[in-house]
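Student: I would like to go through this structure one question at a time. Please show the sequence and the coordinates before we start.

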Amino acid sequence: MKAKITAFINELITYDYILFGSVFVLFILFIILGIVLRKKTALAILLILLSFTILIAGPTVGYVKMHDYIFKNTTELTSQKKLNFTQAVVVRGKITNESNRFFTSCNITASASKVSKNEMKNYLYSFKSFADMSIVEQDIAVGEIREFKIIIEPFTYSKDFNVSIGAKCK
């Protein structure tokens, strides 16, 4: 747990510190406003609740949305093929840097999940993959399209399956 927290702190960028600081300033501002307006009880309680909501939800939602915007990329699944003589699936795809920033590294993950005739089950299966494999692509320039290949192994599932890919870049 300590290693994960240290890695998270080491990967923070300047915009993250600005986000966290502005959320804290908003929290303090609404607390002070709630104290000043304490004679109007309903408004004061609303401002205090709003301040704690901002303190809890602001950094989480802001971090996710900001990183989705700053490090915007698209992944495209080109092909998937289950190999006959080995227990593996070869997944080929493309990643496109749609951001205005140079990506130093992108962690690309391919996940395999079950398939059912029931749409609701398919939706639930998409959250629980039974096989995952990741690769790291280095130095992707702005606007660059890079092809990649991921081999998911061991892959012992014999029925129908879906493969999805995604990428987290920085």
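Tutor: The model is a predicted one. The protein has an accessible surface of about 11900 Å², and carbon and sulfur atoms hold 62% of that area.

Student: In what order do the elements of the protein run from the N terminus on?

Tutor: The protein contains four helices and six strands. Read from the N terminus on, their order is α-α-α-β-β-β-α-β-β-β.

Student: Is the protein more spread out or less spread out than a compact globule?

Tutor: For 170 residues the globule rule gives 15 Å, and the radius of gyration of the protein is 22 Å, well over that value. The C-alpha atoms fill a box of roughly 75 × 40 × 30 Å along the principal axes. Given the radius of gyration, the protein is therefore more spread out than a compact globule.

Student: What share of the contacts with a separation of 6 or more comes from residues 24 or more positions apart?

Tutor: Ile95 touches Ile140, Phe148, Ala167 and Cys169, among others. For the protein, the share from residues 24 or more positions apart, among contacts with a separation of 6 or more, is 67%.

Note on methods
Residues are numbered from 1 along each chain as its sequence is written. This is a predicted model: local features need pLDDT of at least 70, side-chain atom pairs count only at pLDDT 80 or more; totals for chains, interfaces and linings use all residues. Side-chain values use heavy atoms; hydrogens and water are left out. Helices (H or I, at least four residues) and strands (E, at least two) are DSSP runs, numbered from the N terminus. The radius of gyration is taken over C-alpha atoms; the globule rule is 2.2 Å times the number of residues to the power 0.38. Contact means heavy atoms within 4.5 Å. Accessible areas come from the Shrake-Rupley method with a 1.4 Å probe; for residues, only the protein chains shown count as cover. Lists of a residue's contacts leave out its neighbours within four places in sequence.
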